[in-house]
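Thanks for asking me to look this one over. Here are my notes, in numbered points, to read with the structure open beside you.

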Amino acid sequence: MSKSTKKLVYCAMCIALGVVLGLFKLFEFPFGGSVTLCRMLFIMLPGWLFGPVYGIICGLASGMLDFVLGPWFLTVPQFLFDYVFAFSIMGLGGLLKDQKNGLLKGYIVAIIGRWVMATISGLIWVSLGSTAWDGWSPLPYSMAYNAAYIFTEGAITIVILCIPAVKKALERIKQQANA
C-alpha cells in the first residue's frame with residue numbers, strides 16, 4: 001500500500017469514528033452542543049498523525065458531515081463558525097505532533113480553538129435576538145455555554161489520554177501510520 005493511500009485510509013477511519021461517536025451523546029445542551037465520548041480526539045487525530053494540513057482537511061470533512069447529519073444554523077456566518085472553522089481549526093493540534101506529549105498538547109490546542117470558534121458563533125446567535133442567561137452579557141454567556149460542553153468532553157478525553165496503555169497504543173498507531 002502506498003503512503004498516500006495509507007494516509008487516506010487512516011484519515012477516513014478517524015473521520016468515520018468521529019462521526020459515529022458524535023451520534024452517541026452523553027449529554028446534549030438545549031441550544032446546541034453536546035458531550036460525546038472522545039469525538040473531538042478523532043477529529044484532531046489526523047493532524048497529530050500527519051500534520052496540520054491533513055488535520056485541517058479532515059476537520060473540515062468532519063464539520064461538513066456534522067452539518068449534513070444535523071444542520072442547525074440561522075446565518076451564513078454562524079454556519080461558517082459552527083461547521084467550517086470550529087472543526088477545521090482542530091487540525092492545528094497537528095502543529096505539536098513532534099513534541100514530547102504532542103498528542104495531549106495538540107488536543108488542548110484543538111479544543112481551545114474549537115471553543116473560540118463556538119464562542120464567536122454564540123455571539124452571532126445572541127446578536128440575532130436570542131437572550132443570554134439573566135444578568136449575563138453576550139460574551140461571558142457564550143464563553144461559559146460553549147465551555148460547558150467542549151471542556152467537559154475535553155476533560156474526559158484528557159483523562160483517557162493519560163492512561164499509559166492508551167498513550168502507548170496511540171503512539172504505536174502513529175508509528176504504523178507513518179511507516
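Predicted model: local features only at pLDDT ≥ 70, side-chain atom pairs only at ≥ 80, totals over all residues.

1. Let me begin with the pair H1 and H2. Helix H1 spans residues 3–23 and helix H2 residues 39–50; their axes come within 7 Å and cross at roughly 165°. Angles over 145 degrees count as roughly antiparallel, and H1 and H2 are therefore roughly antiparallel to each other. The crossing of H1 past H2 is left-handed.

2. Which residues of H1 and H2 meet? On the H1 side they are Lys 7, Tyr 10, Cys 11, Cys 14, Leu 17, Gly 18, Leu 21 and Gly 22, and on the H2 side Arg 39, Phe 42, Leu 45, Pro 46, Leu 49 and Phe 50. Sorted by class, the contact of H1 with H2 holds 10 nonpolar, 2 polar and 2 charged residues.

3. From H3, the contact takes in Gly 55, Ile 56, Gly 59, Leu 60, Ser 62, Gly 63, Met 64, Asp 66 and Phe 67; from H4, it takes in Phe 79, Tyr 83, Val 84, Phe 87 and Ser 88. By class, the contact of H3 with H4 has 8 nonpolar, 5 polar and 1 charged residues.

4. Is Ser 62 buried or exposed? Ser 62 counts as buried, because its relative accessibility is 3%, and buried means under 20%. Leaving aside neighbours within four places in sequence, Ser 62 is in contact with Ile 15, Ile 43 and Phe 87.

5. Now the cysteines. A disulfide needs two cysteine sulfur atoms within 2.5 Å, and by this rule the count comes to 0 disulfides. Cys 14 is in no disulfide: the nearest cysteine sulfur, that of Cys 11, is 6.5 Å away. For Cys 38, the closest cysteine sulfur is in Cys 162, at 12 Å, which is too far for a bond. Both cysteines count as buried, Cys 14 with a relative accessibility of 7% and Cys 38 with a relative accessible area of 8%.

6. A backbone point follows from there. Most residues other than glycine have a negative phi. Cys 38 has a positive phi near 70°, and this residue is not a glycine. Cys 38 sits in the loop between strand E2 (34–36) and H2. Asn 101 also is not a glycine, and its phi is positive, at about 60°. The place of Asn 101 is the loop between helix H4 (76–88) and helix H5 (102–127). With a relative accessible area of 33%, Asn 101 is partly exposed, whereas Cys 38 is buried.

7. Where does the chain bring Gly 106 relative to Met 44 in space? The two are 62 residues apart in sequence, and their C-alpha atoms are 8.1 Å apart. Beyond neighbours within four places in sequence, Met 44 is in contact with Met 90, Gly 93, Leu 103, Gly 106, Tyr 107 and Ala 110.

8. Ile 173 belongs to helix H7, residues 164–177. At 33% relative accessibility, Ile 173 counts as partly exposed. Not counting residues up to four places away in sequence, Ile 173 touches Tyr 10 and Leu 49. Tyr 10 and Leu 49 are also among the residues where H1 and H2 meet. From Ile 173 to Gly 33, the separation is 140 residues in sequence and 30 Å in space, C-alpha to C-alpha.

9. Val 116 is partly exposed, with a relative accessible area of 34%. Val 116 and Met 143 are 27 residues apart in sequence, and their C-alpha atoms are 8.0 Å apart in space.

Terms used:
Residues numbered from 1 in each chain as written. Heavy atoms only, no water. Buried < 20%, exposed > 50% of the residue type's maximum accessible area, 1.4 Å probe, protein only. Axes fitted to C-alpha atoms, helices over the stretch in contact; angles between N-to-C directions. Helix = DSSP H or I, 4+ residues; strand = E, 2+ residues; numbered from the N terminus. Parallel < 35°, antiparallel > 145°, perpendicular 65-115°, else oblique. Left-handed = near helix turned anticlockwise from the far one by under 90°. Contact = heavy atoms within 4.5 Å. Nonpolar A, V, L, I, M, F, W, Y, C, P; charged D, E, K, R; others polar.
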